[in-house]
Amino acid sequence: MSLTACTEFLDKINSDAALQQEAITALEDKEQIEEAANAFVLLGAKHGYEFTASEATQKYQEITAEGEGELDEAALEQVAGGIRWRRANEGL
């Protein structure tokens, strides 16, 4: 299990429109970050990426913390790619 695998999966999502839509669908209506992280882990596993919900949450927090205010290019790419977790701050 690996944070690297989570990052690689995010990169794949950003380069694949069909996978972006699949991620949006998998994450929609997830009210808590834990729910979203678990759904993201299952989606990653389906595509051959192995990481934990804790690693997914850590990666998400890294992305959002990098630019408290403005997003850097990498974070902007990930947001533009369709990855969003609703109410991400709930449960933190």
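1. A word to start with: contact, or touching, means heavy atoms within 4.5 Å. With that in hand, K59 touches L3, C6, T7 and L10, leaving aside residues up to four places away in sequence.

2. Please keep in mind that this is a predicted model, in which local features need pLDDT of at least 70, side-chain atom pairs count only at pLDDT 80 or more, and totals for chains, interfaces and linings use all residues. Residues are numbered from 1 along each chain as its sequence is written, and side-chain values use heavy atoms, with hydrogens and water left out.

3. Now the overall plan. The protein has five helices and zero strands, where helices (H or I, at least four residues) and strands (E, at least two) are DSSP runs numbered from the N terminus. Along the sequence the pattern reads α-α-α-α-α. Of the contacts with a separation of 6 or more, 71% are between residues 24 or more positions apart.

4. Where does K59 sit? Its place is in helix α4. K59 counts as buried because its relative accessibility is 12%; buried means under 20% relative accessible area, exposed over 50%, and partly exposed in between (1.4 Å probe, protein chains only). Other buried residues of α4 include E55, A56, T57, Y60 and I63. In the protein, buried residues make up 36% of the 92 residues.

5. You can check the length of α4 (residues 53-65) yourself.

6. Of its 18 residues, C6, F9, I13, L27, F40, F51 and A56 touch the most other members. Helices α1 (3-14), α2, α3 and α4 each give two or more residues, and α3 provides the largest share, six residues. C6 touches F40, F51, E55, A56 and K59, again not counting residues up to four places away in sequence.

7. Finally, how do α2 and α3 pack? Helix α2 (residues 17-27) and helix α3 (residues 33-46) meet at an angle of about 145 degrees, with axes 9 Å apart. Axes are lines fitted to C-alpha atoms, for helices over the stretch in contact, and angles run from 0 to 180 degrees between N-to-C directions. The contact is made by E22, A23, A26 and L27 of α2 with A36, A39, F40, L43 and K46 of α3.

Definitions and conventions. Core = buried A, V, L, I, M, F, W, Y, C linked by side-chain atoms within 4.5 Å.
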